Amino acid sequence: MAAPRRRGRVPAALLIPAGLGLIFLVLPLAGLVLRAPWTTLPQRLTEPGALTALRLSVQTATLATVLCLLLGVPLAWLLARVEFPGRRLVRALVTVPLVLPPVVGGVALLLVFGRRGLLGGWLDATFGVTLPFTTAGVVLAESFVAMPFLVIAVEGALRAADHRYEEAAATLGAGRWTTFTHVTLPLVAPGLAAGAVLCWARALGEFGATITFAGNYPGRTQTMPLAVYLALETDLESAIVLSLVLLAVSVGILVALRDRWMAGP
């Protein structure tokens, strides 16, 4: 039986900066809640502009998550299960959007998918497809910044999964695709779900790459973060209300994932 951990006095040299750090993180959120126009909150939430931005945000974040699942899960499996030259470099490239300024990501997307971009010109000339400043462009921008969250979560789950179940399925005659869909995916389902939720939340809050690549057109590319940015210039209370919606979503995500990411003794 393990001995209980001793709980001694907390040194003031650690307690004071820890408390200041907590205040620094919580105080802006508390200010947002305290300054919220609670009496007119229902009315402001039902304004056409707010509803349109919210609906567009949910739709594009969901589509971006689906795209990330289709592309990110195979990529995570490749990084976790296949040895190939340059795997570390590929993993590093996958995580670049995590540290890359979103505006830079938007510029990079323009250089590739813009009308004069590496692929955008060909898409426009061959299929008549234009991605910048469209709803599809929003989905693309959100997918670019959100996919690393999914890949990292799924790769970690794949590395932690017990390979013996997959080996047993192969021994019983199951093909690779059957093993992947009926054994591997159920094994990593919690990690996959957590990664998908984090991916969706990151896509919902994306701003920099979206406004650079897709613009800020109401009803077409103006998502909730962009609506907050625009409302700050004309109506502070509307900006606070929209920010509260995003804050509520963020808290909800943390609550949903608390058992996986916030487990404690």
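A disulfide is a pair of cysteine sulfur atoms within 2.5 Å. By that cut-off the structure holds zero disulfides. The model is predicted: local features need pLDDT of at least 70, side-chain atom pairs count only at pLDDT 80 or more, and totals for chains, interfaces and linings use all residues. Residues are numbered from 1 along each chain as its sequence is written, and side-chain values use heavy atoms, with hydrogens and water left out.

**Overall build**

- The protein has 14 helices and zero strands, where helices (H or I, at least four residues) and strands (E, at least two) are DSSP runs, numbered from the N terminus.
- From the N terminus on, the order of elements is α-α-α-α-α-α-α-α-α-α-α-α-α-α.
- The C-alpha trace spans about 70 × 65 × 35 Å along its principal axes.
- Of the 265 residues in the protein, 35% are buried; buried means under 20% relative accessible area, exposed over 50%, and partly exposed in between (1.4 Å probe, protein chains only).
- The accessible surface of the protein is about 16100 Å², and carbon and sulfur atoms hold 70% of it; the areas come from the Shrake-Rupley method with a 1.4 Å probe, and for residues only the protein chains shown count as cover.
- Among contacts in the protein with a separation of 6 or more, 73% are between residues 24 or more positions apart; contact means heavy atoms within 4.5 Å.

**Cysteines C68 and C199**

- The closest cysteine sulfur to that of C68 belongs to C199, at 3.6 Å, which is too far for a bond.
- C68 is buried because its relative accessible area is 0%.
- C199 also counts as buried, at 0% relative accessibility.

**Salt bridges**

- A search of the whole structure finds six salt bridges, each a side-chain nitrogen of Lys or Arg within 4 Å of a carboxyl oxygen of Asp or Glu.
- Side chains of opposite charge can pair when their charged atoms come close.
- One of the salt bridges joins R44 and D235, with the closest N and O atoms 3.0 Å apart. R44 lies in helix α2 (residues 41-45) and D235 in the loop between α12 and α13 (236-256), so this pair ties together parts that are 191 residues apart in sequence.
- R44 also forms a salt bridge with E237, at 2.8 Å from N to O. Here the partner E237 lies in helix α13 and R44 in helix α2, so the parts tied together are 193 residues apart in sequence.
- R44 is buried at a relative accessible area of 16%, D235 is partly exposed at 27% relative accessibility, and E237 is partly exposed at 35%.
- R87 and E83 meet through their side chains in a salt bridge of 3.0 Å, N to O. R87 counts as buried at 14% relative accessibility, whereas E83 counts as exposed at 65%.
- Through salt bridges that share partners, R44, D235 and E237 are joined into one network.

**Aromatic rings and a charge over a ring**

- Four aromatic pairs turn up in a search of the whole structure. Rings of Phe, Tyr and Trp (its six-membered ring) pair if their centres lie within 6.5 Å; planes under 30 degrees apart count as stacked, over 60 as edge-to-face and the rest as tilted.
- One of the pairs is F133 with Y217, which is edge-to-face at 6.3 Å centre to centre and 85 degrees between the planes. F133 is in the loop between α6 (120-127) and α7 (135-160), and Y217 is in the loop between α11 (208-213) and α12 (224-231); the pair links distant parts of the chain, 84 residues apart.
- F133 is partly exposed at 35% relative accessibility, and Y217 is partly exposed at 38%.
- The charged end of R220 sits over the ring of Y217, 4.7 Å from its centre. A charge sits over a ring if NZ of Lys or CZ of Arg is within 6 Å of the ring centre and within 35 degrees of the ring normal.

**Threonine T210**

- T210 lies in helix α11 and is buried, with a relative accessible area of 0%.
- Apart from neighbours within four places in sequence, T210 is in contact with V138, A141, E142, G215, T221 and L226.
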